[in-house]
Amino acid sequence: MRHKGVKKDETRRKIVAAASHGFRKHGYGGIGVDGLAKSAGVTSGAFYSHLGSKDGAFNIALAVGLDEVIDSLPKFQSEHGTAWVKAFSEYYLSTEHQNDLECGCAMATLTPEVVRFGDEMHEIFEEKMSLIAKIIVEGLVGGTEEDRFSRAWSLLGVLIGGVNIARSMKSIEASEAVANAIRLAAISAAGETKKVAE
């Protein structure tokens, strides 16, 4: 027989995953609590019980989504050595990633939503994005630390904006042209890289 606490934890994980995927795919205004609850296979009451409100759910979805980037970037750095920016950019601008709003990077899908929220959301965003920039800086060389942070923010800005432009194109040809240009711009923005020690 399952322990009650284990089932509660599993339910919460399902609700958080549904919120994370739902907001990425539909945006904050494009899906309500009922839709998110249905996606998680729970009642709206259970949803509120676990996450408190739609805003609370978005806070958690944002944090979870940015944590995915925080976890994945060091893997790219470790697996690809000095070519990690090229590998990350190729993944980020790939057709597969472009087409996968639901499970794609939260930086691209949720950043435009954060703009419309208040201080609490902006604080979560700033904290997580600053950590992401710091991880990027650890894989860059040359110049001062301030220079490397500038390059890290440039890399992020190019990739986040670029994938959204590529996703918004009607034709595959236009989307591919944007993706190819952005990929090169991202590598250029990052500048010289280094292998990060595991």
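This is a predicted model: local features need pLDDT of at least 70, side-chain atom pairs count only at pLDDT 80 or more; totals for chains, interfaces and linings use all residues.
## The overall fold

Let's start with the big picture. The chain holds 10 helices and 0 strands. Read from the N terminus, its elements go α-α-α-α-α-α-α-α-α-α. The radius of gyration is 18 Å, close to the 16 Å that the globule rule gives for 198 residues, so the chain is as compact as a globular protein of that length.

What about its dimensions? Along the principal axes, the C-alpha trace spans about 55 × 40 × 35 Å. Of the 198 residues in the chain, 45% are buried.

Now for some charge. D55, D119, E120, E123, E126 and E127 together form a negative surface patch. Which helix gives the most to this patch? That would be helix 8, covering residues 119-138, which supplies 5 residues.

Is E120 buried or exposed? Its relative accessibility is 54%, and the cut-off for exposed is over 50%, so E120 counts as exposed.

## Looking at I172

How far apart are the C-alpha atoms of I172 and Y28? They are separated by 27 Å, while along the chain the two residues are 144 residues apart.

Note on methods. Residues are numbered from 1 along each chain as its sequence is written. Side-chain values use heavy atoms; hydrogens and water are left out. Patches are made of residues with over 30% relative accessible area and no salt bridge: like charges are joined within 9 Å, nonpolar side chains (Val, Leu, Ile, Met, Phe, Trp, Tyr) within 5 Å. Accessible areas come from the Shrake-Rupley method with a 1.4 Å probe; for residues, only the protein chains shown count as cover. A salt bridge is a side-chain nitrogen of Lys or Arg within 4 Å of a carboxyl oxygen of Asp or Glu. Lys and Arg count as positive and Asp and Glu as negative; His and the chain ends are not counted. The place of a charge is taken as NZ of Lys, CZ of Arg, CG of Asp or CD of Glu. Helices (H or I, at least four residues) and strands (E, at least two) are DSSP runs, numbered from the N terminus. Buried means under 20% relative accessible area, exposed over 50%, partly exposed in between (1.4 Å probe, protein chains only). The radius of gyration is taken over C-alpha atoms; the globule rule is 2.2 Å times the number of residues to the power 0.38.
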